[in-house]
Amino acid sequence: MANFLNVLAALFFFCFIVSKGYCQCTTENLQIKQQQTGKQVQNKPEWQVTISTGCPCDQLEVKLGCDGFQTVEPIDSSVLAKSGGECLVNNGEPIYPDKDFNFTYAWDTSFQFKTLSSQVACS
């Protein structure tokens, strides 16, 4: 009887964890939002990009598709490092679930960044 209760408790715990999404985080959970800051840089509107994990796990080595991305405002390469059509975010360091990652750029229109890949790290 005790073994049955242990198995039942473990099953319940597993189902609870899965239903909360702790085991289901993927690159698709990354959320990228943009809005104008109201500033102008070289007569171009400045855009703030906000990246959040969208799940309770850290996401590392976040790479965005950025082929054709342009800005007149310098971006530190530790924030966004462009290599060909890929951009590495935050120098590959984690984006944490409780803290959004932000950067700004300036161009005539917003650029539609796409998530290419990341590594999910759940503790």
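## Basis of the model

This is a predicted model, in which local features need pLDDT of at least 70 and side-chain atom pairs count only at pLDDT 80 or more, whereas totals for chains, interfaces and linings use all residues. Residues are numbered from 1 along each chain as its sequence is written, and side-chain values use heavy atoms, with hydrogens and water left out.

## Overall fold

The chain holds one helix and seven strands, where helices (H or I, at least four residues) and strands (E, at least two) are DSSP runs numbered from the N terminus. Along the sequence these elements follow the pattern α-β-β-β-β-β-β-β.

Of the 123 residues, 30% count as buried, a term that stands for under 20% relative accessible area, with exposed over 50% and partly exposed in between (1.4 Å probe, protein chains only). The chain exposes about 7800 Å², of which carbon and sulfur atoms supply 51%; these areas come from the Shrake-Rupley method with a 1.4 Å probe. Among contacts (heavy atoms within 4.5 Å) between residues at least 6 apart in sequence, 70% join residues at least 24 apart.

## The open sheet

Four strands form an open sheet in the order E4-E5-E3-E7, with antiparallel pairing; two strands pair if DSSP finds at least two bridges between them. Strand E4 (80–83) and strand E7 (114–121) are the edge strands, each pairing on one side only.

Strand E4 is joined to strand E5 (residues 86–89) by four bridges, and the two run antiparallel. Within this pairing, Leu80 has Val89 of E5 as its bridge partner.

## The nonpolar core

The largest nonpolar core has 17 residues, and those touching the most other members are Ile51, Phe69, Leu80, Val89, Phe103, Tyr105 and Phe113. Strand E2 (44–52), strand E3 (58–65), E5 and strand E6 (101–106) each supply at least two residues of this core. A nonpolar core is here a set of buried Ala, Val, Leu, Ile, Met, Phe, Trp, Tyr and Cys residues joined through side-chain atoms within 4.5 Å.

## Asn90 and its surroundings

Asn90 is found in the loop between E5 and E6, and this residue is buried, with a relative accessible area of 18%. A polar atom of the Asn90 side chain lies 3.1 Å from the backbone oxygen of Pro94. Leaving aside neighbours within four places in sequence, Asn90 is in contact with Ser78, Val79 and Phe101.

Methods:
A polar contact is a pair of N or O atoms within 3.5 Å; within protein, one must be able to donate a hydrogen and the other to accept it, and residues adjacent in sequence count only if both atoms are side-chain atoms.
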